[in-house]
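I open this notebook to record what I looked up in one structure. The entries follow the order in which I went through the topics.

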Amino acid sequence: FDPLGLVADGDQEKFDRLRYVEIKHGRICMLGVVGYLVNKAGIYLPGDISYGTSFESLGSGWDASFAVPVAGALQVLAFVGALELAFMKDATGENEFVGDF
């Protein structure tokens with residue numbers, strides 16, 4: 001099923017890449033939902049995210065992402081970038097199945 005015609009040229013390599021990216025991003029979204037639900041349930045990491053700012057004081061949901069200090073947001077961005085570039089890839093294609101990191 002390809003309503004947007006993204007693989008209309010029939011290129012198997014392009015289709016495999018799109019399927020791989022969809023699985024990876026779907027897993028990331030599932031982790032985000034779990035994190036949201038955990039925070040909504042009132043469960044937070046212990047300690048402070050920065051001096052004088054506890055994890056609990058950030059709240060939950062989209063507003064919490066804006067309450068994170070800039071240095072913390074940059075650390076998250078660097079960590080996600082490192083995962084994307086170094087670990088979460090199937091560069092050789094030798095894994096057992098698509099999405100097997």
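The entries below pass from the overall fold to the pocket, then to an aromatic pair and a loop residue.

**Entry 1: overall fold.** I note at the outset that the model is predicted. I looked up the secondary structure and found 3 helices and 2 strands in the protein. Read from the N terminus, the order of the elements is α-β-β-α-α.

**Entry 2: burial, contacts and surface.** I then asked what part of the 101 residues is buried. The buried residues amount to 8% of them. For contacts between residues at least 6 apart in sequence, I recorded that 35% join residues at least 24 apart. The accessible surface comes to about 8100 Å², and carbon and sulfur atoms hold 64% of that area.

**Entry 3: the largest pocket.** I looked up the volume of the largest pocket and noted about 1200 Å³ of space. Its lining consists of 35 residues. Those nearest the centre of the pocket are Gly32, Gly35, Asn39, Val68 and Val76. Which element supplies the largest share of the lining? I found that helix 1 does, with 11 residues. At least two lining residues each come from helix 1 (12–40), strand 1 (48–50), helix 2 and helix 3 (70–87).

**Entry 4: the aromatic pair.** A pair of aromatic rings is described by the distance of the centres and the angle of the planes. I searched for such pairs, with ring centres within 6.5 Å as the criterion, and the count came to 1 aromatic pair. The rings are those of Trp62 and Phe66, with centres 5.4 Å apart and planes at 90°. I therefore recorded the pair as edge-to-face, since that class requires planes over 60 degrees apart. Both Trp62 and Phe66 belong to helix 2 (residues 62–67), where 4 residues, about one turn of the helix, separate them. Are these two residues buried or exposed? Trp62 has 64% relative accessibility and therefore counts as exposed. Phe66, at 60% relative accessibility, also counts as exposed.

**Entry 5: a loop residue.** Last, I looked up Ala41, which sits in the loop between helix 1 and strand 1. Its relative accessibility is 59%, so Ala41 counts as exposed; the cut-off for that class is over 50%. I also noted the separation of Ala41 from Ser60, which is 19 residues away along the chain. The C-alpha atoms of Ala41 and Ser60 are 9.4 Å apart.

Note on methods:
Residues are numbered from 1 along each chain as its sequence is written. This is a predicted model: local features need pLDDT of at least 70, side-chain atom pairs count only at pLDDT 80 or more; totals for chains, interfaces and linings use all residues. Side-chain values use heavy atoms; hydrogens and water are left out. Rings of Phe, Tyr and Trp (its six-membered ring) pair if their centres lie within 6.5 Å; planes under 30 degrees apart count as stacked, over 60 as edge-to-face and the rest as tilted. Buried means under 20% relative accessible area, exposed over 50%, partly exposed in between (1.4 Å probe, protein chains only). Contact means heavy atoms within 4.5 Å. Accessible areas come from the Shrake-Rupley method with a 1.4 Å probe; for residues, only the protein chains shown count as cover. On a 1 Å grid over the protein atoms alone, a cavity is a set of points where a 1.4 Å probe fits but cannot get out, and a pocket is an open set with protein on both sides within 12 Å along at least five of seven lines; lining residues have an atom within 4 Å of a point. Grid points are joined across faces, edges and corners, and a volume is the space filled by probe spheres set on the points.
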